[in-house]
Amino acid sequence: MESKKIANTPNEKSLQRLLNLIQTIVESDTDDLSELAKKVRLNPLKDFAGANLSSVVWPGADLSGANLVKTNLIAADLTEAVLSGADLSSANLNTAQLSHAILISVNFTSAKLLGTSLKSANLLGANLNTADLSDADLSDANLSNTDLKRANLSRANLRGANLSGAQMHHANLRHANLDKANLYAANLYGVDLSYADLRGANLKDTELGAAIVVNTLFGNNQGLSEGMMADLKRRKAIFKG
Amino acid sequence: MLHNAASVIRPTFLETDDSLLKTLEVLPEDFQQKIISVVGSPHTDEQKPRVLSRNKRAMIEKIITLWVKEHTPKSYGEQENREYA
């Protein structure tokens, strides 16, 4: 493939400046991305949008309010990172490590989070509209008041997650594990829950209208009336224990 | 590109980092060689290759990308944000 050359020929001084910056990174004693960025006068909160940060190791990073739109963070280690208010829309976080991260009000619209570890992460009020979270680990995560409309959560592990007040209509939850999840006042209208496990889940004031519950496992659910149980059984749900 | 410096002189750290290699390919060949001389040396059996961490490689790629953007007409530089979408 023919590569595209830069049109403006840079002078030697400009090239030397670039080489000095590269040398600064190569010879730096630290491997911390925040420190490295500081050494070359980059601001991680605004300069990394669209960058290739795949597989970087950045646990505990403070990226509150950062612009990370379309950033490649595949397999990045962001364990316990703080990203509250950050914009990660259309970012690729497939298989990244975000367990115990603080992700309050993060914009994850159309982000790729396939197989991402978000165990015990705090996603309060985050926007995950149309995000792909299939196979993600969201166990014990706080997803309260999140926007999960049309999100793909197939095969996701949501065991013990707090989904109270979440807007999930038309999300894909096929084969998802919602064992002991808190779905209090969540909106699951039109959600595909087929083959999902909802045993022990709190379903008080949960909207399940038009939800697909074929082979969905229920049992020991708080907030389900006899009438609702009969209706779910009619829609081919399975009750155990 | 079959005959540019980045593909002929491939330091070990670039061999597994196609995105950085791609970033270098837009530069004039003599510039590619100068950058390669800083970030790594050609790998031979006798020579122990320089091993740069993934964090440093990511940072170098970002620096080069920004620098290229500075020296490129805006219509091309604006494509950077679409690269990893």
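Reader: Let's start with H5(B): what should its 17 residues span, and how far apart are its end C-alpha atoms?
Author: At 1.5 Å a residue, the 17 residues of H5(B) should span 24 Å, and its end C-alpha atoms are 24 Å apart, which agrees. The expected span is 1.5 Å times one less than the number of residues. A helix here is a DSSP run of H or I with at least four residues, a strand is a run of E with at least two, and both are numbered from the N terminus.

Reader: And what kind of model is this?
Author: This is a predicted model, in which local features need pLDDT of at least 70 and side-chain atom pairs count only at pLDDT 80 or more, while totals for chains, interfaces and linings use all residues. Residues are numbered from 1 along each chain as its sequence is written, and chains are lettered from A and ligands numbered from 1 in the order in which they are written.

Reader: Good to know. How many residues of H5(B) are buried?
Author: 14 of the 17 are buried, so H5(B) is largely enclosed by the rest of the structure. Buried stands for 20 or more other C-beta atoms within 10 Å of a residue's own, exposed for 12 or fewer, and partly exposed for anything in between, with C-beta atoms placed from the backbone.

Reader: At what angle do H1(A) and H5(B) pack?
Author: The angle is about 170 degrees, and the axes are 9 Å apart; H5 covers residues 54-70 of chain B. Axes are lines fitted to C-alpha atoms, for helices over the stretch in contact, and angles between N-to-C directions run from 0 to 180 degrees. H1(A) and H5(B) are therefore roughly antiparallel to each other. (Under 35 degrees is roughly parallel, over 145 roughly antiparallel, 65 to 115 roughly perpendicular, and the rest oblique.)

Reader: Which residues make the contact?
Author: H1(A) brings A:Leu18, A:Leu21, A:Ile22, A:Ile25 and A:Val26, while H5(B) brings B:Lys56, B:Met59, B:Ile60, B:Ile63 and B:Trp67. By class, that contact of H1(A) with H5(B) has 9 nonpolar, no polar and 1 charged residues. Contact means C-beta atoms, placed from the backbone, within 7 Å. As for the classes, Ala, Val, Leu, Ile, Met, Phe, Trp, Tyr, Cys and Pro are nonpolar, Asp, Glu, Lys and Arg are charged, and the others, Gly among them, are polar.

Reader: How do the axes of H1 of chain A and H4 of chain B cross?
Author: H1 (residues 12-26) of chain A and H4 (residues 29-39) of chain B have axes that come within 9 Å and cross at roughly 25 degrees. That makes H1(A) roughly parallel to H4(B).

Reader: And which residues meet there?
Author: From H1(A) come A:Leu15, A:Leu19, A:Ile22, A:Gln23 and A:Val26, and from H4(B) come B:Phe31, B:Lys34, B:Ile35, B:Val38 and B:Val39. The residues of this contact of H1(A) with H4(B) divide into 8 nonpolar, 1 polar and 1 charged.

Reader: Zooming out, what does the secondary structure of chain A come to?
Author: Chain A has 3 helices and 2 strands, running α-α-β-α-β from the N terminus. Its C-alpha trace spans about 80 × 35 × 20 Å along the principal axes, and 52% of its 241 residues are buried.

Reader: And chain B, how many helices and strands?
Author: Chain B has 6 helices and 0 strands, and 38% of its 85 residues are buried. Of the contacts in chain B with a separation of 6 or more, 68% are between residues 24 or more positions apart. In chain A, 1% of the contacts between residues at least 6 apart in sequence join residues at least 24 apart.

Reader: Switching topic: what is phi of A:Asp135?
Author: Phi of A:Asp135 is near 65 degrees, a positive value in a residue other than glycine. Most residues other than glycine have a negative phi. A:Asp135 sits in the loop between H2 (33-39) and E1 (217-218) of chain A. It counts as partly exposed, with 19 C-beta neighbours inside 10 Å.

Reader: What about A:Ala185, its phi?
Author: A:Ala185 also has a positive phi, about 60 degrees, although it is not a glycine. It lies in the loop between H2 and E1 of chain A.

Reader: Last one: is A:Ser154 buried or exposed?
Author: A:Ser154 is buried, with 20 other C-beta atoms within 10 Å. Leaving aside neighbours within four places in sequence, A:Ser154 is in contact with residues including A:Ser134, A:Asn172 and A:His175.

Terms used. Two residues are in contact if their C-beta atoms, placed from the backbone, lie within 7 Å.
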